[in-house]
Amino acid sequence: MESTEKLTDTNAILAYLYETFPLCFIKEGETKPLKIGLFQDLAERLADDSKVSKTQLRVALRRYTSSWRYLKGIKAGVQRVDLDGNDCGELEQEHIEHAQTTLKESQEKAKAKRMAQAPKKSGKKPAATDNKRAQNKRVPHKKPRPVKEKAPEVNLVKAELNELKADQRVNVKLGASPVAGVITDIKKEDVHVQLDSGLTVKVRAEHILL
């Protein structure tokens, strides 16, 4: 397939995946958990398609599997699917619990962010005195910031390459919070980790936390 225009925007790449693999990537409504190792299948299937690069595919896949919609679909009794929508095994309880925890933390962060921004927006409108009183009463409720108190979980430390081995459970530093997974292979300084979401990443030991 010859393509003249290369996709670089993550949303555009996701739209392309929705159109190309509609039985795997669900555009609207409840999603289906993806097959473990799906990225390799995706990269092979689109190897001759110049529209997308492996790097952009990886970013788009990470966006898809970290969305609230996807995490809500990780539940007991649900089958993972491949690119053609075929069942590829039932979800493990460990993956279900990880998805539920990730979803809860993400929702709490979003809620805390909304609460922190709300006073700023209303503060620009010195309208009625009653509104100001209502805002002042809400300020104490701004305290529910349990998100910050989850910091003790970050007792993780950077791993040394010689401490790592195949089949070892680790946490990979991707963005703001570590993501759990299992080491599948170690080649020289590159460590291949299969995340609980099903995505496989290649990182250096310095990005792995124990």
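1. Lys 35 counts as partly exposed at 25% relative accessibility, where partly exposed lies between buried, under 20% relative accessible area, and exposed, over 50%, as computed with a 1.4 Å probe on protein chains only. Its salt-bridge partner is Asp 41, with the closest N and O atoms 2.6 Å apart, and Asp 41 is likewise partly exposed, with a relative accessible area of 22%. A salt bridge here is a side-chain nitrogen of Lys or Arg within 4 Å of a carboxyl oxygen of Asp or Glu, and the structure holds eight of them.

2. On the basis of these values: this is a predicted model, in which local features need pLDDT of at least 70 and side-chain atom pairs count only at pLDDT 80 or more, whereas totals for chains, interfaces and linings use all residues. Residues are numbered from 1 along each chain as its sequence is written, and side-chain values use heavy atoms, with hydrogens and water left out.

3. A further salt bridge joins the side chains of Asp 84 and Arg 45, at 3.2 Å from N to O. This pair links distant parts of the chain, since Asp 84 sits in the loop between β1 (79-81) and β2 (87-90) while Arg 45 belongs to helix α2, 39 residues apart; helices (H or I, at least four residues) and strands (E, at least two) are DSSP runs, numbered from the N terminus. Asp 84 is partly exposed at 39% relative accessibility, and Arg 45 is partly exposed too, with a relative accessible area of 46%.

4. The side chains of Arg 169 and Asp 196 also meet in a salt bridge, at 2.9 Å from N to O. Here again distant parts of the chain are linked, with Arg 169 in strand β3 (residues 169-174) and Asp 196 in the loop between β5 (190-195) and β6 (200-204), 27 residues apart. Arg 169 is partly exposed at 36% relative accessibility, whereas Asp 196, at 5%, counts as buried. Together with Glu 94, Arg 169 and Asp 196 are linked in a network of salt bridges.

5. Helix α3 (residues 54-65) has twelve residues and reaches 16 Å from its first C-alpha to its last, close to the expected 16 Å, a span defined as 1.5 Å times one less than the number of residues. Its buried residues include Leu 57, Ala 60, Leu 61, Tyr 64 and Thr 65. They lie on the same side of α3 because they cover an arc of only 125 degrees around the axis, the arc being that of the directions from the helix axis to the C-beta atoms. Among the elements that cover these buried residues are α1 (10-20), α2 (38-45) and α4 (68-72).

Terms used:
Contact means heavy atoms within 4.5 Å.
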